[in-house]
Amino acid sequence: MFPNSSCAILPRQFSVKLLVAITGASGALYAQRLLDNLDPLQHEIHVVTSNYAQQVISEELPDGLRLPPGTKTHNLKSMNAPFASGSNPPDAMVVIPCTMGTLGRIAHGYSEDVLLRAADVVLKEKKKLILVPRETPLSLIHVKNFELLLLAGATILPANPSFYAGPKTISDVVDTVVARVLDHLGVPNKLAPRWSEEKE
């Protein structure tokens, strides 16, 4: 069927090229549960972590960060990552959890490392950028940065869990947020129960 043997192997086609960025906000489990629910056979997955994220991961995830098979990791200070250029952006980027410092730098266009540069690329190329901040209370500066990012096309998806489904474990609580992230990525999931239809 294939006269040339090189034609027999076709490149694998992924539905989504996704960059998961993890910063030093508390809530590393949000990032872990997102990665746990991304199928590496369906999606091309890239991960980049901020400097302080490693410290938080070591404190909050005793077994370390588990990456799906085939995940590509990138050095924070290397601009050789494909998504550092608008000619090769990811389809979507999720910053989870997202510190207010990272959020503010993205809002004001600072790009001193590959995480921030990637977010800049995603916004300017009009791809999907989802930021998952975990902070309370909020200052006016935070809210103004939210406004700038929303105007630029980002999705602000705070790590505010829901409880109507009666979660039994910490992971169950976290999954109510991760399910919403997956929804906004367009990734089908049954991670958390849906709000039921109104009874007649």
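My entries below go from a helix to a helix pair and then to the cores.

**Ground rules.** I am reading a predicted model, where local features need pLDDT of at least 70, side-chain atom pairs count only at pLDDT 80 or more, and totals for chains, interfaces and linings use all residues. Residues are numbered from 1 along each chain as its sequence is written, and side-chain values use heavy atoms, with hydrogens and water left out.

**Helix α2.** I looked up which residues of α2 (residues 53-60) are buried, and found Ala-53, Val-56 and Ile-57. Buried means under 20% relative accessible area, with a 1.4 Å probe and protein chains only. Seen down the axis of α2, these buried residues fall within an arc of 100° (taken from the directions from the axis to the C-beta atoms), so they line one face of the helix. Their cover includes β1 (16-22), α1 (28-36) and β2 (43-49).

**α1 and α6.** Next I checked how α1 meets α6 (residues 170-185): their axes, lines fitted to C-alpha atoms over the stretch in contact, come within 9 Å and cross at roughly 65°. By class, this contact has 9 nonpolar, 1 polar and 2 charged residues.

**The cores.** Which residues touch the most other members of the largest nonpolar core? I noted Val-20, Leu-34, Val-94 and Ile-96, out of 33 residues. Such a core joins buried Ala, Val, Leu, Ile, Met, Phe, Trp, Tyr and Cys residues through side-chain atoms within 4.5 Å. α6 gives the most to this core, with 7 residues. I also found a second, separate core of 27 residues, including Ala-84 and Leu-116.

Terms used. Buried means under 20% relative accessible area, exposed over 50%, partly exposed in between (1.4 Å probe, protein chains only). Helices (H or I, at least four residues) and strands (E, at least two) are DSSP runs, numbered from the N terminus. Contact means heavy atoms within 4.5 Å. Axes are lines fitted to C-alpha atoms, for helices over the stretch in contact, and angles run from 0 to 180 degrees between N-to-C directions. Ala, Val, Leu, Ile, Met, Phe, Trp, Tyr, Cys and Pro count as nonpolar, Asp, Glu, Lys and Arg as charged, and the others, Gly among them, as polar.
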